[in-house]
Amino acid sequence: MRTHSSRSGPVAGMWLAAVASAIVLAGLVAWLAWDPAWFASAKPSEPLLVYCAAGLQAPMEAIAREYEKETGIPVQLQYGGSQTLLTNLEVSQRGDLFLPGDDGYIRIGRDKGLVAESLPLAHMVPVLAVRKGNPLGIHSLADLGKKGARLGMADPDAAAVGKLTRAALQKSGDWSAARAQLTVSKETVNAVANALKVGSIDAGFVWDATVRQYPELEAVPLPQLDGQTAHVAVAVLNQSKQPTAALRFARYLAARDRGLLLFEREGYAPVEGDAWALTPRLRLAAGAMLRPAIDDTIDSFQEREGVVVERVYNGCGILVGNMKAGHRPDVYFACDKQFLTMVKDLFLDGVDVSTNQLVILVPRGNPHKIQTLRDLGKKGLKIGVGHEKQCALGVLTQETLKQTDLHDPIMANVAVQSPAGDMLVNQLRVGSLDAVIAYVSNAAAAGDQLEAIPIDIPCAVAVQPMAASKASNYPQLTRRLMDALRSTSSRERFEANGFHWQGTK
């Protein structure tokens with residue numbers, strides 16, 4: 001028995017070790033697959049409630065099923081005319097997303113303080129529809145009266161297609177004649193299409209996408225409706241109690257390899273969408289001086305959107321060198337416009353966000369009695385400046401010194417050339433330097449220890465532009481990040497850090 005026991009002990013131990021290893025391996029795989037952003041913020045406590053225009057029912061039913069299958073999150077769709085839905089969500093003060101037939105209703109909702117972010121999805125146009133084969137031979141608005149046709153349309157005060165059609169016919173001068181021919185007014189475009197399908201009307205104004213969804217119908221081209229386009233977008237409601245989950249579903253709707261495929265399948269013209277990712281990763285390259293002004297805004301954006309923004313802060317000369325070597329960010333926030341110009345072929349047109357002033361920074365009390373740039377040329381001073389090949393600070397400093405004819409005496413005192421103003425400030429605070437030329441924003445966090453002496457010449461002002469990559473996989477998400485960086489709360493952070501605001505938001 002003792003012999004048997006001595007043999008089974010090692011075997012049992014080996015078996016237990018194997019089981020333990022398998023458990024550890026399984027745990028490691030699960031840990032690698034686990035998405036903490038998804039786990040923490042995306043699982044809603046209740047189904048997502050979407051107020052959806054009836055004309056979008058076909059793609060939305062399919063997308064909601066696919067999303068629930070893929071994520072396990074149920075989506076509840078409430079249909080109606082766009083204006084009716086807007087009124088309902090305003091009264092109920094509940095729900096997560098608003099998807100009207102035209103984004104004009106989103107603008108109304110934003111003016112009322114009801115909606116936040118919006119994502120474009122598709123386009124559609126109003127048309128006059130008849131039954132397949134056009135049995136009455138209707139080819140114009142005039143034919144409606146000549147043929148005694150029964151006309152139907154969605155209520156212009158309730159549905160987007162009715163509102164857009166009425167506006168077009170009022171513009172062409174045909175609205176009175178069309179209204180006189182109107183037999184049936186319905187709340188939704190689908191109700192008009194169904195009435196036409198069963199023969200209770202002979203013609204009706206619907207969306208072109210609606211005609212593609214009803215094989216029993218065909219469209220009659222009308223010049224009065226040329227150029228009329230509805231822009232379909234989805235908006236997150238301010239009243240949503242689960243905005244991160246709502247935004248994730250909105251991104252799914254607007255993804256070129258998810259929701260937009262189904263919009264196109266059902267006859268809509270989709271916009272250019274983002275690639276789908278449960279937790280997308282954006283790359284942002286920014287001048288080091290911008291970090292204190294933008295970090296908190298980006299943190300808030302990440303949390304609300306359920307995404308990751310990888311940030312690279314450095315001197316803009318270094319960032320430009322990295323980009324030319326193949327490191328391509330989704331967003332570039334430059335310290336000065338000239339550094340965006342150097343890589344303009346990689347980015348869309350930039351937008352100016354802020355300006356930053358060059359100043360002379362000295363320790364509190366100004367022990368060396370420095371009052372002007374000329375004083376930096378006094379013998380024995382240890383001066384710090386930006387590196388002219390690595391950052392905008394260095395370039396602007398050199399331009400300033402040359403324009404004032406002070407380059408040689410001041411550069412003779414330069415002990416440190418740095419790729420970032422913050423590094424100069426740190427050396428000034430510990431006593432390694434007597435004065436530095438930096439941005440006013442560099443002193444914002446050390447105002448109790450430093451004094452700033454203005455440099456009042458035009459070239460001593462840097463302009464900070466921001467631009468989106470031409471090749472980003474996430475053009476819509478990038479746009480929303482840029483919107484966040486131009487928001488009111490972002491402006492407050494910029495100004496608190498010594499920048500002057502140039503943004504339009």
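Of the 79 residues in the largest nonpolar core, which touch the most other members? The structure is a predicted model, in which local features need pLDDT of at least 70 and side-chain atom pairs count only at pLDDT 80 or more, while totals for chains, interfaces and linings use all residues. Residues are numbered from 1 along each chain as its sequence is written, and side-chain values use heavy atoms, with hydrogens and water left out.

The residues in question are Ile294 and Tyr332. A nonpolar core is here a set of buried Ala, Val, Leu, Ile, Met, Phe, Trp, Tyr and Cys residues joined through side-chain atoms within 4.5 Å; buried means under 20% relative accessible area, exposed over 50%, and partly exposed in between (1.4 Å probe, protein chains only). Strand β15 (residues 351–363) supplies the largest share of this core, six residues. Strands (E, at least two residues) and helices (H or I, at least four) are DSSP runs numbered from the N terminus. Leaving aside residues up to four places away in sequence, Ile294 touches Leu284, Ala286, Tyr313, Phe333, Leu485 and Phe494, where contact means heavy atoms within 4.5 Å. Another core, of 70 residues, lies apart from the largest one and has Leu164, Leu196, Ile201 and Leu262 among its members.

An open sheet of mixed pairing is formed by six strands in the order β2-β1-β3-β10-β4-β11; two strands pair if DSSP finds at least two bridges between them. Its edges are β2 (75–80) and β11, each with a single partner strand, so one side of each has no neighbour in the sheet. Strand β4 (residues 115–124) is largely enclosed by the rest of the structure, because seven of its ten residues are buried. β4 runs antiparallel to β10 (residues 230–237), with seven bridges between them, and Ser118 stands opposite Ala235 in β10. Two bridges join β4 to β11 (residues 269–270), also in the antiparallel sense. In β11, Ala269 stands opposite His123 and Pro270 opposite Ala122. Helix α4 (residues 82–92) lies across β1 (48–53), β2, β3 (97–99) and β10, at about 150° to β1; axes are lines fitted to C-alpha atoms, for helices over the stretch in contact, and angles run from 0 to 180 degrees between N-to-C directions.

Strand β16 (residues 383–386) pairs elsewhere, running parallel to β17 (residues 414–418) over four bridges and parallel to β18 (residues 435–439) over two. Val385 has Gln417 as its bridge partner in β17, and Gly384 stands opposite Val436 in β18. Ile383 and Val385 point one way from β16, Gly384 and Gly386 the other way, and all are buried.
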